[in-house]
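Have the sequence and the 3D view ready.

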Amino acid sequence: MTNQPEQQPGQLKQQAIAITIRDTCTTSEGVTGERKVKLIVNRSSPVSPVSGGQFKNKDIRLDAKVVIITGANAGIGKEAAIECAKRGARVYMGCRDPARMEKARQEILDKSGSQNVFGLELDLASFESIRSFVKTFLSMERRLHVLINNAGVMACPKEYTKEGFEMHFGTNHLGHFLLTNLLLDVLKRSAPSRIVTVSSLGHKWGRINKDDINAEKDYGEWDAYTQSKLCNILFSRHLAKRLSGTGVNTYALHPGAINTELMRHLNPCIRTMAKPVFWVFFKTPKSGAQTTLYCAMEPTIASQTGLYYSDCKLKEPEPHAKDDSTAEWLWNLSERLTGLSH
């Protein structure tokens, strides 16, 4: 008989639990079918909302620092904006919907006590919008110390960006690829500076489909999402090499499973029924923002670049997320698709 280690007081027992959600979806061609989403999460007992790693360095100030956060009108982006503003940063929100952005901006001002929070319209599914955002920002600021590539879409029906790219690939990867490259000069002038890109544990299941990266032959919403999250890590990794010696460091991260608006493409009935599950197994947006804040501010990782983090600590990504030849291939393709190679 094998003795099991005694659980210490206050110690939480970890259990891996699979949750399967069935949902219906309609493609852009009008074809309706069923999709099955399987989530594998770690839960702690007794039952309580998940918190994960916390960024505990309360003494770091961001006075006179300039921060851009995409998708800052909701979820972890808004929570990150509140915390950066509290610490004295000039925060620029990049959001698609001006009305929702202004409502969130007022909330951020109220909760942070800061008056230095600004909203600029930014649609990552439009290269024209991205270029307009950068032009406006550079007319207002001469420095940029932290760029947080946070916005994204998840498991949406088959759609395309303004330039005709599959929505996950075009928004989650190409949009941030173009935005980051257009801001590199000001980031270099402001060094030391950081580029933080929100990826996901979903990269584990992602594969770069070189023969159909735009999902024109075959489309699966979760395949498209996980591919885009893998792109985020490969992008951050290759960017670090290109920025070697400039004082600009890059960080990719998994924020945890978060109950945010990314879930909006699930069937409304499914979302309602799943709310108790989300409460138990998913982090709140505030908890989910902790690793973003860690990567944006933590001084002990100031010399690190091109790496991947989860729960406010360094973590090894999947082996295919460290494939330098694929990262270079993706970079060259992205340059061509965004027009940066001309």
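**A guided walk**

The protein chain holds ten helices and ten strands, taken as DSSP runs (H or I of at least four residues for helices, E of at least two for strands) and numbered from the N terminus. This is a predicted model, in which local features need pLDDT of at least 70 and side-chain atom pairs pLDDT 80 or more, while totals for chains, interfaces and linings use all residues. Residues are numbered from 1 along each chain as its sequence is written, and side-chain values use heavy atoms, without hydrogens and water.

Of the 342 residues, 52% count as buried, that is, under 20% relative accessible area with a 1.4 Å probe, protein chains only.

Now look at the aromatic rings. Rings of Phe, Tyr and Trp (its six-membered ring) pair if their centres lie within 6.5 Å; planes under 30 degrees apart are stacked, over 60 edge-to-face, and the rest tilted. The count comes to ten aromatic pairs. In one of them, F127 and F165 have ring centres 5.9 Å apart and planes at 35 degrees, so this pair is tilted. The pair links distant parts of the chain, 38 residues apart: F127 sits in helix α3 (residues 127–140), and F165 in the loop between β6 (146–149) and α4 (167–182). Both F127 and F165 are buried. Elsewhere, ring pairs join F55, Y251, Y294 and Y309 into a cluster.

Technical notes:
Buried means under 20% relative accessible area, exposed over 50%, partly exposed in between (1.4 Å probe, protein chains only).
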